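Reader: I would like to learn how the features of a structural model are read, going from the general idea to the individual case. Could we work through one together?

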Amino acid sequence: SRVMAWEFALENSIANSVGPIVVGNLAGAFGYKFGQQEDKSMNLASAEALGEAMAATICIPWIICFLACSLLHWSYPRDVRRLELQEQRDAQEHGDKSKQNSA
């Protein structure tokens with residue numbers, strides 16, 4: 001539980017400190033006009049730019065997480081087999097040592 005607490009604390013701290021900066025920069029790159037209001041009507045282009053920036057800051061990290069977690073489908077079974085072989089070797093070595101000690 002301590003590891004999960006650290007993970008959540010770091011994830012949320014980084015997201016809250018870096019996220020708004022990234023959204024602001026991406027929104028500007030996508031064409032968002034900061035502080036400009038055209039006779040108090042909605043600016044559709046700026047709204048679309050802000051929406052694209054938010055979508056990018058949400059979707060891109062989740063795609064990276066999806067790809068990283070998908071690697072577990074490849075590596076986990078291999079790691080389990082490797083661990084089982086190591087445990088078998090350790091059990092055999094332990095059995096051999098106990099036979100030598102009893103003789």
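Author: What follows is a conversation about the features of this model, taken one at a time. The model is predicted, so that local features need pLDDT of at least 70 and side-chain atom pairs count only at pLDDT 80 or more, while totals for chains, interfaces and linings use all residues. Residues are numbered from 1 along each chain as its sequence is written, and side-chain values use heavy atoms, with hydrogens and water left out.

Reader: How many helices and strands does the secondary structure come to?

Author: Helices (H or I, at least four residues) and strands (E, at least two) are DSSP runs, numbered from the N terminus. Here the protein has 2 helices and 0 strands; Ile14 belongs to helix H1, residues 2–29, Ser46 belongs to helix H2, residues 44–102, and Phe34 sits in the loop between H1 and H2.

Reader: Is Ser46 buried or exposed, and which is Phe34?

Author: Buried means under 20% relative accessible area, exposed over 50%, and partly exposed in between, with a 1.4 Å probe and protein chains only. Ser46 is buried, at 5%, whereas Phe34 is exposed, at 54%. Of the 103 residues in the protein, buried ones make up 8%.

Reader: Which backbone nitrogen lies 3.2 Å from a polar atom of the Ser46 side chain?

Author: That nitrogen belongs to Lys33.

Reader: Which residue forms a salt bridge with Asp79?

Author: A salt bridge is a side-chain nitrogen of Lys or Arg within 4 Å of a carboxyl oxygen of Asp or Glu. By this rule the count is 1: Arg78 pairs with Asp79, their closest N and O atoms being 4.0 Å apart. Asp79 is partly exposed, with a relative accessible area of 35%, and Arg78 is partly exposed at 33%.

Reader: Over the face of which residue does Arg78 lie?

Author: A charge sits over a ring if NZ of Lys or CZ of Arg is within 6 Å of the ring centre and within 35 degrees of the ring normal. Arg78 lies over the face of Trp74, at 4.6 Å from the ring centre.

Reader: Which residues form the nonpolar patch on the surface?

Author: Patches are made of residues with over 30% relative accessible area and no salt bridge, like charges being joined within 9 Å and nonpolar side chains (Val, Leu, Ile, Met, Phe, Trp, Tyr) within 5 Å. Accessible areas come from the Shrake-Rupley method with a 1.4 Å probe, and for residues only the protein chains shown count as cover. Trp6, Leu10, Ile14, Val18 and Val22 form this patch, with about 480 Å² of accessible area together.

How values were computed:
Polar contact = N/O pair within 3.5 Å; in protein donor to acceptor, adjacent residues only side chain to side chain.
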